[in-house]
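This report describes a single protein chain through its helices, their packing and a few individual residues. Please view the sequence and the model together while reading.

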Amino acid sequence: MRRGHRRRRAAVAVLASAVLLPAGCAPGQPAPVPRPARATAPGPPSPGPPPAPGSALEDPSAWTLPLQRFRPTEAQARSIGRAEAKLVGRCMEGFGVAWEPQAELPGAGPRNMMDRRYGIHDAALSARRGYQPDAAEQARYETALRADESRPVPSADAAALLGGAEAPARSSAEVSPEVRGGRKNGRPIPPGGCFGQARATLGSSTRGITPLVDRLTFDSYPASLETPEVKAVFARWSACMAEHGHHYAAPMDADQDPRFRPNPAGVSQQEIDTALADLACREQHQVARVWFTAERRIQEGYVRDNAAQLEADRRSLDRVVRVAEATLAGE
């Protein structure tokens with residue numbers, strides 16, 4: 001993501017106090033490029049064991065972890081986001097300020113929180129692109145990003161109205177005296193601005209993902225790396241890679257090899273060869289399967305230890321989803 005894009009989006013995100021991390025992103029895990037939510041069946045997914053080899057669900061992106069039951073589905077997350085944007089737009093219109101939500105960027109890379117959580121798994125893509133996203137997807141993303149960057153930056157007053165009069169908008173000198181005083185066109189600015197008001201209406205400042213659920217989902221990934229079975233399977237994978245002439249201690253090290261990105265000359269044959277060897281060693285030693293099983297066990301423990309609070313969080317999420325759906329039904 002280029003600096004201009006970060007700066008323009010941050011002007012709204014920081015003021016609105018809602019910088020949400022990609023779902024399930026954890027230390028050492030590749031951060032996904034934003035991807036639009038897909039239409040999925042409503043309701044929480046059910047955790048289950050890894051599918052049998054050769055089955056239709058062999059793709060790890062179809063696996064689920066126990067804590068996903070306490071997170072919105074992709075369809076629900078999309079509804080919550082759209083409802084939030086609708087409420088913000090309605091609030092801004094009430095102050096006589098035109099506002100359009102930022103366009104959703106097309107995806108490039110991981111399709112969901114489980115896709116590539118345990119590394120690459122698409123042999124056809126890796127044979128073309130190594131560890132990189134599909135070239136056509138990446139091109140569409142870059143085109144949309146350039147279009148997004150061409151949009152005008154909100155004025156200081158509009159930014160303060162979005163995030164609340166108490167939020168610094170670039171510099172207080174750029175904000176009008178009226179807005180600095182907490183009003184716009186004679187009306188009081190709600191606490192937290194229009195984003196704050198929208199989130200109060202929805203009942204969540206984090207789109208239905210509670211701090212506990214977010215923390216536990218984040219914690220389980222590095223915790224899985226410390227389990228004996230994951231350490232052992234990484235050692236077997238590392239020895240297998242060494243037999244192919246590639247020397248890495250863990251699968252993440254290959255995926256994050258600085259030689260492979262950024263590469264202005266394109267994907268090198270060295271990267272492709274490394275990725276294909278990586279895939280072969282992963283398959284031989286069932287790396288993703290062992291890793292997923294360890295993380296699932298850790299999350300099952302989290303769910304047992306935090307059962308009452310997590311069930312309360314699930315009820316809270318259900319309320320947020322109901323309000324979002326009702327908000328959108330009024331379109």
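Helix H5 is followed by Gly164, whose phi is positive, near 105 degrees. H5 itself spans residues 156-163 and is mostly covered, with eight of its eight residues buried. Buried here means under 20% relative accessible area, exposed means over 50%, and partly exposed lies in between, with a 1.4 Å probe and protein chains only. The buried residues of H5 are Ala156, Asp157, Ala158, Ala159, Ala160, Leu161, Leu162 and Gly163.

The model is predicted: local features need pLDDT of at least 70, side-chain atom pairs count only at pLDDT 80 or more, and totals for chains, interfaces and linings use all residues. Residues are numbered from 1 along each chain as its sequence is written, and side-chain values use heavy atoms, with hydrogens and water left out.

**Overall composition**

The protein has 13 helices and two strands. These are DSSP runs numbered from the N terminus, where helices are H or I with at least four residues and strands are E with at least two. Of the 331 residues, 45% count as buried. Among contacts with a separation of 6 or more, 80% join residues 24 or more positions apart; contact means heavy atoms within 4.5 Å. The protein exposes about 16,100 Å², and carbon and sulfur atoms supply 57% of that area. Accessible areas come from the Shrake-Rupley method with a 1.4 Å probe, and for residues only the protein chains shown count as cover.

Two packed helices are described by the angle between their axes and the distance between the axes. Axes are lines fitted to C-alpha atoms, for helices over the stretch in contact, and angles run from 0 to 180 degrees between N-to-C directions.

Helix H2 (residues 74-94) packs on helix H7 (residues 193-202) at an angle of about 130 degrees, and their axes are 8 Å apart. H2 and H7 are therefore oblique to each other. Angles under 35 degrees count as roughly parallel, over 145 as roughly antiparallel, 65 to 115 as roughly perpendicular and the rest as oblique. H2 passes H7 in a right-handed crossing; a crossing is right-handed if the near helix is turned clockwise from the far one by less than a right angle, and left-handed if anticlockwise.

On the H2 side, the contact uses Ile80, Ala83, Glu84, Leu87, Val88, Cys91 and Met92, which meet Cys194, Phe195, Gln197, Ala198, Arg199, Thr201 and Leu202 in H7. The residues of this contact divide into ten nonpolar, two polar and two charged. Ala, Val, Leu, Ile, Met, Phe, Trp, Tyr, Cys and Pro count as nonpolar, Asp, Glu, Lys and Arg as charged, and the others, Gly among them, as polar. Within H7, Gly193, Cys194, Phe195, Ala198, Arg199 and Leu202 are buried. Just after H7, Gly203 takes a positive phi of about 90 degrees.

The axes of helix H8 (residues 211-225) and H12 come within 9 Å and cross at roughly 135 degrees. H8 and H12 are therefore oblique to each other, and their crossing is right-handed. H8 contributes Leu216, Thr217, Asp219, Ser220, Tyr221, Ala223, Ser224 and Leu225 to the contact, while H12 contributes Trp291, Glu295, Ile298, Gln299 and Tyr302. Seven of the residues in this contact are nonpolar, four polar and two charged.

Glu295 of H12 counts as buried at 0% relative accessibility. Leaving aside residues up to four places away in sequence, Glu295 touches Leu65, Arg117, Tyr118, Thr217, Ser220, Tyr221 and Ser224.

Arg116 and Gln286 each have a positive phi without being a glycine.

Ala250 is buried, with a relative accessible area of 10%. Not counting residues up to four places away in sequence, Ala250 touches Phe234 and Trp237. Ala250 and Val230 are 20 residues apart in sequence, and their C-alpha atoms are 9.9 Å apart in space.
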